[in-house]
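Here are some notes to read alongside the model, written as numbered points. Please keep the structure open while going through them.

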Amino acid sequence: MTTSTLQNLPPHDDEATRAADQALRDHAGQAGEWHLADLFADDPNRFDTLSLHAGGVLADFSKQRLTAETLEKLRALAGARGLDAWIRCLFEGGEVNWTEGRAAMHWRLRQPARDDGEQDPVQAQLLRMERIVKRILSGQWRGCEGDAITDVVNVGVGGSDLGPLMASVALHENQPPEGRRPRVHFVSSMDGSQIAPLLDELNPATTLIVVSSKSFTTVDTLSNAATARYWLEKAFPDRNGAVLRCHFVGISAKPERMSEWGIHGDNQLLFWDWVGGRYSLWSAIGLPIALTIGMDGFRELLAGANEMDRHFQDAPWERNLPVLLGLVDVWNLNFLNITARAVLPYDGRLKHWPSYVEQLEMESNGKSVDRDGQLVDYHTCPVIWGEVGPNAQHAFYQLLHQGTRPVACEFIAAARHGRRQGSSAELQPLEEQHILTLANCLAQSRLLALGDRALAEDDDTPTYKRYRGNQPSTTLLLDELTPRHLGALVALYEHKVFVQAVLWGINPFDQWGVEMGKKIATDMIQVLGNGDGGDGLDASTRALARYVRERQA
């Protein structure tokens, strides 16, 4: 699909859009008088009307401050914005990333293998990754002194770190059926505070470094990679060539830059420009995930995401989970003026889920320019923050329950723990702990919604003990936290972000603010080193740089 086809899509601000938007604003004026306790009292079937199950994920929207009429009006806005045409454009390979002239085809990475015999570069890289995974898990990948690999260090940042880290931790209980998996470590901080103490604990003879960078120019990643290379070459001073061949794997869209750095061609894994960094865990960037759960488990992750892809393309909007999740967020942000959302997983295995979602949503939709190049006059992304629910209850739930600002909440949990047999931990106590966690999850969302009316408090309760309630929330329950269900959940959020971007008329696939930050940081290195280039800086930055130079001297 060409750029001209994009230009033929419905404009994001025409008469139909303005009419749908005004209808929602009028409706929101009425919704301002609603309380969730009254909505539940008025409609005993509210859960049945406002919940949906797809891809092993149950979504409950009944604790949101909306009705079936609200969703109907939101779907009308989506229709005016041309959401159906945009979805087709996404899955037909159109240049939905129009500022960079690219498609966004991360969904291709999780399509099943073709059966027509045609060579598929995606499947070719999967097979290449599978060979590396099998060599490591079976103990056949050897360090330069002949030792089997026991530790793998993933060096990356952003999408090359957050996605693989989140999924590897979430699925750690899923042991690969073959061989013995290595310990997998993640390094992303450019200041050396992660990699230095980690290398002190590792044996260089049994350590493999995975350098993950789409451009293979990211200074954070290459600085850590250089530190790891120095560590290994110092340990084996007479075997520099073997060090690079036996102890480094590179993953990038730029094979020539990997080769220049010294990554052997046999140790290179590729992905493509049409895969955004924060959408890349499905590619070879997911190597740490495959090392954690095996290639069969990794393919299950892909299958779950592919199931959600097909649901997003085919399901009618009233039964389409990504569409509904996106519309609800737009309703909260743009019509109820709820500018913050707390992401609250009630499962310790999902402890990195909030950080992953923060990048996915705020890097994608933290934009202020529409596709006509005009500044927008509305919010395009809430502030997203979160923590594992039981920890958050003792940290910031006080603000949620009795603070002064409305905050939309998102509860995520697994209905069944599903701990694998053969674990060293006893199953029964863990299941009991899981039920305790779920009880807290459901109780917190109920109190946030209903307030005092959830407690049947009398009128004599002092004000400092009262709860206003009416804090909206969505609850997402996975049938079980398996690779397949996690794949569906991640794809659900990816498509939700796309739905929101269409309604806001912005590009969710670029990140020019991030790129400018990198450029300015690179220019600042010389200023900190010798002061050159500091004359054009503002007084604050110039003084801070001078203070650093003085202290270092």
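**Notes on the predicted model**

1. Glu 300 is partly exposed, since its relative accessible area is 36%, and the structure in which it sits is a predicted model. Glu 300 forms a salt bridge with Arg 484, where the closest N and O atoms are 3.3 Å apart. Because Glu 300 belongs to helix H13 (residues 287-314) and Arg 484 to helix H19, this pair ties together parts that are 184 residues apart in sequence. Arg 484 is likewise partly exposed, with a relative accessible area of 31%.

2. Asp 452 forms a salt bridge with Arg 466, with the closest N and O atoms 3.0 Å apart; both residues are in the loop between helix H18 (427-450) and S11, 14 residues apart. Asp 452 counts as buried at 13% relative accessibility, whereas Arg 466 counts as partly exposed at 27%. The side chains of Arg 551 and Glu 550 also meet in a salt bridge, at 3.7 Å from N to O; here Arg 551 is exposed, with a relative accessible area of 53%, while Glu 550 is partly exposed, with 46%.

3. Salt bridges can also join into a network, and one such network links Asp 329, Arg 341, Glu 361, Glu 410 and Lys 496.

4. In which order do the six strands of the open sheet lie? The order is S1-S2-S11-S10-S8-S9, and the pairing is mixed. Strand S1 (51-54) and strand S9 (383-386) stand at the edges with a single partner strand each, so one side of each is left without a neighbour in the sheet. From one strand to the next, the twist averages 20°.

5. Is strand S3 (residues 151-155) enclosed or open to the outside? Five of its five residues are buried, so S3 is largely enclosed by the rest of the structure. In a regular strand, side chains alternate between the two faces of the sheet. Both faces of S3 are covered, with Asp 151, Val 153 and Val 155 buried on one side and Val 152 and Asn 154 buried on the other. S3 pairs with strand S4 (residues 183-187) in the parallel sense over five bridges, and Val 155 stands opposite Val 187 in S4.

6. Phe 216, although not a glycine, has a positive phi of about 55°; it is placed in the loop between strand S5 (207-212) and helix H10 (219-235) and is buried, with a relative accessible area of 3%. Asn 337, also not a glycine, has a positive phi of about 60°; it is found in the loop between helix H14 (321-335) and S8, but counts as exposed at 51% relative accessibility.

7. Finally, Leu 528, Tyr 547 and Val 548 make a nonpolar surface patch of about 240 Å². Leu 528 has its place in helix H20 (residues 512-530) and is partly exposed, with a relative accessible area of 31%.

Definitions and conventions
Residues numbered from 1 in each chain as written. Predicted model: local features only at pLDDT ≥ 70, side-chain atom pairs only at ≥ 80, totals over all residues. Heavy atoms only, no water. Patch = residues over 30% accessible without salt bridge, like charges linked within 9 Å, V, L, I, M, F, W, Y side chains within 5 Å. Areas by Shrake-Rupley, 256 points an atom, 1.4 Å probe, with all protein chains shown as cover. Salt bridge = Lys/Arg side-chain N within 4 Å of Asp/Glu carboxyl O. Helix = DSSP H or I, 4+ residues; strand = E, 2+ residues; numbered from the N terminus. Buried < 20%, exposed > 50% of the residue type's maximum accessible area, 1.4 Å probe, protein only. Pairing = 2+ DSSP bridges. Axes fitted to C-alpha atoms, helices over the stretch in contact; angles between N-to-C directions.
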